[in-house]
Amino acid sequence: MSFLNSILLKTSSVKKIGVTFVASHFILLIMMVYTFPVINSQIGTKAFDLQNLGYSLSTAELIISKLNNETTNLYLFPQLTLLDVFYPFLLALFLSSFLFRLIKITNSSTRITFPLLLLPFLAMVFDYSENICIILMITKSVEISKSFVLLSSTLTILKSLLTTFSWIAILIYAMMWIRIKILNRKAKTPMGKTQST
């Protein structure tokens, strides 16, 4: 807890949150306008990474069968071994730092604070694990079995769920902060009127 706290204390300034947001979403933009459109067009469906609800053995086999050498190489680099290395880390740092700041300014630290701050980093771990599974599948380094596809698919679902939960937590704490600001403003208004009369 103290280790994570010390990191987030350094990364939760408005400026640093802004930098991690811009950096992570710039990488996301590159993936969405460059690599994924090419991959999706070749395979005729969404790439493994984008199948947030998971995928079956038949879907995995279909994707792999439609990948040619050129698209496989693009999927491997820059998608999986460059862009999708930096993106999960920067996104996790942004989400956790932003959440940390919101919790601090709303004075709402509780026993669930630490697990909430860990969520983005757990999503990052699942994302990296998913990437390893995808690399093994598209390079045909492992047998594409039902159990292996289930593992890879589960990692994709967990990554998506934890990232979604992180955004929901940010939304909830942001609404709390807005509510506090509104209540403080209302509390000051009658006092100001009393003094002016």
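Author: Contact here means heavy atoms within 4.5 Å. The model is predicted, so local features need pLDDT of at least 70 and side-chain atom pairs count only at pLDDT 80 or more, while totals for chains, interfaces and linings use all residues. Residues are numbered from 1 along each chain as its sequence is written, and side-chain values use heavy atoms, with hydrogens and water left out.

Reader: What does tyrosine 75 touch?

Author: Leaving aside residues up to four places away in sequence, tyrosine 75 touches Ile39, Ala47, Phe48, Asp49, Leu67, Leu80, Ile134 and Ile138.

Reader: What makes the pair lysine 159 and glutamate 130 a salt bridge?

Author: A salt bridge needs a side-chain nitrogen of Lys or Arg within 4 Å of a carboxyl oxygen of Asp or Glu. The side chains of lysine 159 and glutamate 130 meet at 3.2 Å, N to O, and form a salt bridge. A search of the whole structure finds 1 salt bridge.

Reader: Which parts does the pair tie together?

Author: Lysine 159 lies in helix H6 and glutamate 130 in helix H5, so the pair ties together parts 29 residues apart in sequence. Helices are DSSP runs (H or I, at least four residues), numbered from the N terminus.

Reader: Why is lysine 159 called buried?

Author: Buried means under 20% relative accessible area, exposed over 50%, and partly exposed in between (1.4 Å probe, protein chains only). Lysine 159 has 11%, and therefore counts as buried.

Reader: How do you know whether glutamate 130 is buried or exposed?

Author: The relative accessibility of glutamate 130 is 0%, so glutamate 130 counts as buried.

Technical notes:
Helix = DSSP H or I, 4+ residues; strand = E, 2+ residues; numbered from the N terminus.
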